[in-house]
Amino acid sequence: MNKILSSIKKPNLSFWQIWNMNVGFFGIQFSFGLQQTAINPIFSFLGADHAELPLLNLAGPVTGLLIQPIIGAISDKTWLPKWGGRRKPFFLIGALLGSLCLFAFPFSPGLWFAVGLLWILDAANNTAMEPYRAFVGDKLNDDQLTYGYQMQSLFVGAGITIANFSLFLFQDWFGSPSGETTALCTTATETISAIPTWVYYSFFLGAVASVGTILWSVWKTPEIPPSEEQLSELKRERKDSTFAGRASEPFKEIAGAIGKMPKMMWKLAAVYFFQWYALFVYWQFITPMLRTSFFGLANDDDTRFNSIMEACKSGDVISTGDTAFAQNFQAISEQALAQTGLMNGTYNFVTMIVALALVPFAKKYGSRNVYVICLFFSAIAMLSMPFITNKWALLAPMLLFGIGWAAMMGIPYAMVSKIIPEEKRGVYMGIVNMMIVIPMLIQTVTFGPIIKNLLGNSAVNAILFGGVFFIIAALLALRMKKSVSTAVTDMN
């Protein structure tokens, strides 16, 4: 279905129309917020070592690499009016499946089960994510693209903020009181309760938010229908193509789009490599960093705790001293997770507040310049975190990180949307996601050996490493055009 939207003149939408269109991003990002903050601590609760964390997160980049561009290409060629239109069927299915995974996650009986659920959850979130970004671009004209994507950034911040604050608050409300401990190993059954009960509540809340907010946007925002001529062309393409041809068509679309990709997108890919590598390092190692830099736990303590838990699983007799140590270690780990929730909630709250405020700055000073400055802010934040030992002072770098996250989640998408063909928006947004997940994929397979052999298996050094990568990303972003208006010629 060629040029299904390019011939349609799009009117300006009101504030509330753009708001309702983006509400569903709240639920999707609530899920991502739990992934960023709670999944890796859950892996640790279930016995994962520092060096194992990157590889255990392989699901995110692999599913993103495979699913988003394919779903984007398929949605470009889809029109299902009974199911909502072009993009809605995909992010509705993704939200339903993701909701089921969120509900099941805290019941994971072992590490293998949690890792498997993460693969399904990531696949669901990616099925919803890419068509949603294309959906926003479909509805808005060029004058409102930056505003629309920064509104999306606002809901990114809001969803992750509530997810993280829920972890912090539920730990405070329902966690074990100070001075009390919960038995990790019951002598009667020799079973272990590794995942704190209060974590369950955040996942249940996320399951409801995932479906509820998507349904709101589906109900409130109609898609732009194709004309009769365009619809006939779509039906003709389906009729003339074989099953094998239809199956291979998304891959041909992706390959063709990459071959014609604007130079600005290639430069963005270089920036994204260092930016998203650094972000993945942050999400994986912020809680382990806090356990060391803030709470004083060492790698040896982690090793001792895991050995005690393994002995408990095997039915061995655990000494009183080891039991007390394990209970104290578990309590500190829960506090570190709650502190991560507070910090991540803070930076996403800042994102929610400043997302729309960046729009006039981008118009006045240029999207590229604002993006570069915000990347430097993120670098300063990561480089300072390990040296702060006050609970509330740790929120200061989160202010800078939140401004950086607001720019990262909005400005690049607006820049790309202005230089790609309307009829290829789905596939190109999928390619942008490939630029995100390929660095994540590389991080998952390379950073385990890096932290183990070069960084002394230190989570503190991992966070500093990520700060350096943000600096490199900012310097590379300077190579991008100040204005994307002239970049359209790169397509010719």
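Residues are numbered from 1 along each chain as its sequence is written, and side-chain values use heavy atoms, with hydrogens and water left out. Because the model is predicted, local features need pLDDT of at least 70 and side-chain atom pairs count only at pLDDT 80 or more, while totals for chains, interfaces and linings use all residues.

## Overall make-up

The protein has 19 helices and zero strands. Helices (H or I, at least four residues) and strands (E, at least two) are DSSP runs, numbered from the N terminus. Of the 492 residues, 59% are buried. Buried means under 20% relative accessible area, exposed means over 50%, and partly exposed lies in between, with a 1.4 Å probe and protein chains only. Among the contacts with a separation of 6 or more, 87% are between residues 24 or more positions apart; contact means heavy atoms within 4.5 Å. The structure holds zero disulfides, a disulfide being a pair of cysteine sulfur atoms within 2.5 Å. Cys101 is buried at 4% relative accessible area, and Cys374 is buried at 3%.

Helix H1 covers residues 15-22, and its residues Ile18, Asn20, Met21 and Asn22 are buried. These buried residues pack against helix H2 (24-45), H6, H7 and H8.

Gln144 belongs to helix H7 (residues 142-174). With a relative accessible area of 11%, Gln144 is buried. Apart from neighbours within four places in sequence, Gln144 is in contact with Pro11, Asn12, Leu13 and Ile18. The side chain of Gln144 reaches the backbone nitrogen of Leu13 at 2.8 Å. This falls under the polar contact, a pair of N or O atoms within 3.5 Å; within protein, one must be able to donate a hydrogen and the other to accept it, and residues adjacent in sequence count only if both atoms are side-chain atoms.

## Helix H11 and Arg291

Arg291 lies in helix H11 (residues 263-293). Its relative accessible area is 8%, so Arg291 counts as buried. A polar contact of 2.7 Å joins the side chain of Arg291 to that of Asp302.

## Helix H19

Helix H19 (residues 459-477) has 19 residues. From its first C-alpha to its last, H19 reaches 27 Å, close to the 27 Å expected at 1.5 Å a residue; the expected span is 1.5 Å times one less than the number of residues. At the N-terminal end, Ser458 caps H19, with a side-chain oxygen 3.3 Å from the backbone nitrogen of Val460. The buried residues of H19 include Val460, Ile463, Phe469 and Phe470. What covers the buried residues of H19 includes H11, helix H15 (367-384), helix H16 (396-408) and helix H18 (425-453).

## Aromatic rings

There are 40 aromatic pairs in the structure. Rings of Phe, Tyr and Trp (its six-membered ring) pair if their centres lie within 6.5 Å; planes under 30 degrees apart count as stacked, over 60 as edge-to-face and the rest as tilted. Two of these pairs are listed here.

| Pair | Type | Centre to centre | Between the planes |
|---|---|---|---|
| Phe105 and Phe203 | stacked | 5.6 Å | 20° |
| Phe294 and Phe295 | edge-to-face | 4.8 Å | 80° |

The pair of Phe105 and Phe203 links distant parts of the chain, 98 residues apart. Phe105 is in the loop between helix H5 (88-104) and helix H6 (111-139), and Phe203 is in helix H8 (residues 197-220). Phe105 is buried at 0% relative accessible area, and Phe203 is buried at 0%. Phe294 is partly exposed at 22%, and Phe295 is partly exposed at 23%.

Tyr272, Trp276, Phe280, Tyr282, Trp283, Tyr347, Phe401, Trp405 and Phe470 form one aromatic cluster.

Charged ends also sit over rings: that of Lys220 over Trp219, 4.6 Å from the ring centre, and that of Arg304 over Phe325, 4.0 Å from the ring centre. A charge counts as sitting over a ring if NZ of Lys or CZ of Arg is within 6 Å of the ring centre and within 35 degrees of the ring normal.

## Trp83

Trp83 is found in the loop between helix H4 (59-76) and H5. At 61% relative accessibility, Trp83 is exposed. Apart from neighbours within four places in sequence, Trp83 is in contact with Lys88 and Pro89. Trp83 and Val218 are 135 residues apart in sequence, and their C-alpha atoms are 9.7 Å apart in space.
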